[in-house]
Amino acid sequence: MSQFPLISVMTFLPLLGVVLLFFVPKQSHSVHRMLALLVSLVTFVVSIPLVTGFQSNADFQFVEKMPWIAAGPFQMNYHVAIDGISLWLVLLTTFIMPIAILSTWTAVEEKVKEYMICLLLLEVGMLGAFVSLDLFLFYIFWEVMLIPMYFIIGIWGGKNKIYAAVKFFIYTMVGSMLMLVALVTLYFKAGAGDFNVLRFYEVTLDPATQVWMFLAFALAFAIKVPMFPLHTWLPDAHTEAPTAGSVILAAVLLKMGTYGFVRFAMPLFPDATDKFTPLIATLSVIGIIYAALVAMVQEDVKKLVAYSSVAHLGYVMLGVFALNLQGLSGGMLQMLNHGVSTGALFLIVGFIYERRHTRLITDFGGLAKQMPVFATIFMIVTLSSIGLPGTNGFVGEFLVLLGAFESELRWYAVIGTSGVILAAVYMLWMFQRVMFGELTNPKNQTLCDLNAREVGIMLPLLVLIFVMGVYPTPFIEKMSPSLEKLIVHVKTKQQGAVAQVETVPAAPQVMPAAAVVPAEHK
Amino acid sequence: METIVLPVINLAPIMPEIILSVFGMALLLVNVFVPSEQKAYLGYLSLVGIIAAGVSIVGGWGVPLDSFSGSVVQDNFALFFKGIFLLSAGLTILISDHYMKREGCNQGELYPLILFATMGMMLMASGTDLMTVFLGLEVLSVSLYVLAGFNRANLKSNEAGLKYFLLGAFSTGFLLYGMALTYGATGTTKIPKIAEFVAANGMVAQSPMFYIGMLLMASGFAFKIAAAPFHMWTPDVYEGAPTPMTAFMSAGPKAAGFAAFMRVLIVAFPTLKADWSDLLWVLAVLTMTIGNLIALNQDNIKRMLAYSSIAHAGYALVGFTAGNAEGAAGILFYMLSYAFMNIGAFAIIILVGKKGEENNNVADYAGFATKHPVLALAMAIFLFSLAGMPPTAGFIGKFYLFSGAIKAGYIWLAIIGVLNSAASVYYYLRVMVYMYMKNPTEEFDWMTLSPAVMLCILIAVVGVIIPGVVPSYLLELAQKAVLL
């Protein structure tokens, strides 16, 4: 295997930026910004061949594998690859990073160097987590993400930044530490010889063990998603984080949780997945309704968007656990949509915050007259967040609800649908109070419209909103084979376990469905 | 005329001890002629001794030897620990001169005492006779009593020395009594012979006297590694002792305690593994939990690290409880990493501190990152490593400790361990909060960046990061050094 290590180059390119930034003097803020932007743009460009070279099949592609740690009973490999599930999330990450960096052009004036270093380190962590096929490697990247995000919230955040940062860190840490115990337990139970996820897929654990393992993994992921009632860190973190932090948090970090369910929790513990589906669906639906209701009464625009995140992620979870092609691809699509739309919403909140240094809805009103370009963009993003047909949000939400309706989660889908209405209510109401009405506040009468940089930031997102809304086929096409394989894998393993119980209870099970097990290739 | 046959004595297994003793005694002599403002030269000379001792252990790897009719051995286990001791001693010497000058107590006896203490630790690690272990322990302890109270002008240091001495003497009593009872029950003090005796005599050997002996020895060692409930001395002694000595005590002697504890339990009482595993998990849970809970509300950073070091002994005990090779290798790896990260953190505490042990509160670090970004980064690396975040040696060490426990079926113990780790994050983050997220209240202009201290910090950073990213080599060494 002597192909170009595209994934590694992409993953560690931002690290090169970090190293370069170390040598730039402290005061040259514009150099820091340019350098970080350049590095993130190059990273994005490097990631494009991943899409163009991606074969629309279920295989893991661009595989790189080499031994890393070998000591005692453990064998950890540096093993990275992408399939249809991770492809778009990787792209979303590399796509959103330049936008996030550009958004802080004028917002962050202090310690710009450190800020950029944190952002780039964060990118390494996120990309690494999405491409890792070695569970130990995944865990390292998963944990490494915490540190820069902690500093981003804690140093450049708002009034309650320290509280929010510490809460974010400890919440996520508790979850992930239990995952660590579970993954080591899994390793010993499976007797797999290394931490290769694909090898763990082949192992059939007894249902009782699966329950505990699933709970430990699911806790880590559910905190990150965040699922009700583990979501309380999110509004704090979102509200206090600087704009770029909120954008990245919403666009990518939260996806880490849902991705974890799809990649690890469900295929590794199929029986437990089956068992916990009603619980997770219930929590998702509660999350959808509850977060929407809470969002409705928020006075702070950013908090409102943060709660809308919780609701959106509820849909994703519902779609994922419907465990059929519509639901899963809807969930995956919704992950991307949420990244684009909510990322854009946070940028918008950042624009008005930079101008007025307030985010209270009551401080605004009638901005549309003063800022027509801004109003147009805001409207488009709002509508996409609500899921208006023709925008990206619609396709994902529709598929999720369709999938859930066709699965055993029918009644959850019915309740979940009411969340769509609630979303329209709180988003439109917020939009109306901020943008329409009388321009009474004298401070708002002198506001200037978006400048070229700001429009430039929003433009790629707006294009995506429409492209994904009108023509989502290429996105779905590339992810479908992997999702199908995943569904077949989980379902057969569930049936396999049932068959095992019915026939010979104690006999070791030879998986009949060897064909569905992901074939590892070079 | 009867001839007295002298046993053939092979000095090779105790070569590093001899080198350290010779250097120590020579330095005591030289000290008389060195004017007090030039005591740093003694530091350099003692470093030469440390390096010479280090060179002398390199060749011994993989070549097991014993001497003094089986009272001391040179095996990988002992050598690995000797490496840790030399490293802690070397790093401590690097940070000592700066501190001692500042506090105005630069007596040259400091360096010989460190060498003697290191020599004692080495005897503890390579002793295979209870008496040799005891001898090493006493050489170590007596040196440490003096070192803890080394700053004579400072009341807290006096208190630390006295407290450590009184309580240490008690625990030594327990230990010695335990050894005596074990001797009474088995008729030997040689560690491998005890195991042989028990194996040969079965249940007969396991009299109450034997059990009580093991228990008393265990409590003596538990005192030395500061495991709860024998940890009460730690915070006061750690806070009062001169900071370099605190760094030293938390790294070297703790590792020595583990070395002796492990050798005695694993080699002498293998048949009683079920019993001592039960004992150890109780110690582990208590130690982790008490250490972390009390560390949560410490304002003095030295006290905080003292309580956190109690917790760290608890994590190591988790690996010990496992009683398998993974857990044991985890302890070795962890003790080595701990020496790097903890002494590194103390080096920065020394730089930030003012004369008279001032400026040691967590709040005094407000805005440190703004004024000294590189040092703050180093501190952050040490603290993240202590908290067990990847990619640092602290994470890999904890991973192996807990993995050992999980493999041995102690999943719940590993869960208590990781939850403790998660709780510990809070107080490590608190330092980070002050360093990075608060506005500076001081200029930190009194800090002099002594080259020796900076070198120590540099070595420590490398020692935390490199094994965190590519741990294979060290893990393999640790794996080869376990007794199991």
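Hi everyone. Let me begin with a term: a residue is called buried here when under 20% of its relative accessible area remains. Please keep in mind that we are looking at a predicted model.

With that in hand, let's go to helix 5 of chain A. Its buried residues are A:Leu135, A:Phe136, A:Leu137, A:Phe138, A:Tyr139, A:Ile140, A:Phe141, A:Trp142, A:Glu143 and A:Val144. That makes ten of the ten residues in helix 5, residues 135-144, so the helix is largely enclosed by the rest of the structure. If you look at the start of helix 5, you can find a side-chain oxygen of A:Asp134 that comes to within 3.1 Å of the backbone nitrogen of A:Phe136.

Now for the two chains together. How many residues does each chain bring to the contact? Chain A brings 37 and chain B brings 36. Between them, chain A and chain B bury about 3,300 Å², and 82% of that lies on carbon and sulfur atoms. On the chain A side, A:Tyr150, A:Met177 and A:Val181 supply 14% of the buried area, more than any other three residues.

Which elements of chain A give two or more residues to the side that touches chain B? They are strand 1, strand 2, helix 5, helix 6 and helix 7. Helix 7 of chain A gives the most, with 14 residues. Sorted by class, this side of chain A has 30 nonpolar, three polar and four charged residues.

Note on methods
Residues are numbered from 1 along each chain as its sequence is written. Chains are lettered from A and ligands numbered from 1 in the order in which they are written. This is a predicted model: local features need pLDDT of at least 70, side-chain atom pairs count only at pLDDT 80 or more; totals for chains, interfaces and linings use all residues. Side-chain values use heavy atoms; hydrogens and water are left out. Buried means under 20% relative accessible area, exposed over 50%, partly exposed in between (1.4 Å probe, protein chains only). Helices (H or I, at least four residues) and strands (E, at least two) are DSSP runs, numbered from the N terminus. A polar contact is a pair of N or O atoms within 3.5 Å; within protein, one must be able to donate a hydrogen and the other to accept it, and residues adjacent in sequence count only if both atoms are side-chain atoms. Contact means heavy atoms within 4.5 Å. Buried area is the accessible area (1.4 Å probe) that two parts lose on being put together, summed over both. Ala, Val, Leu, Ile, Met, Phe, Trp, Tyr, Cys and Pro count as nonpolar, Asp, Glu, Lys and Arg as charged, and the others, Gly among them, as polar.
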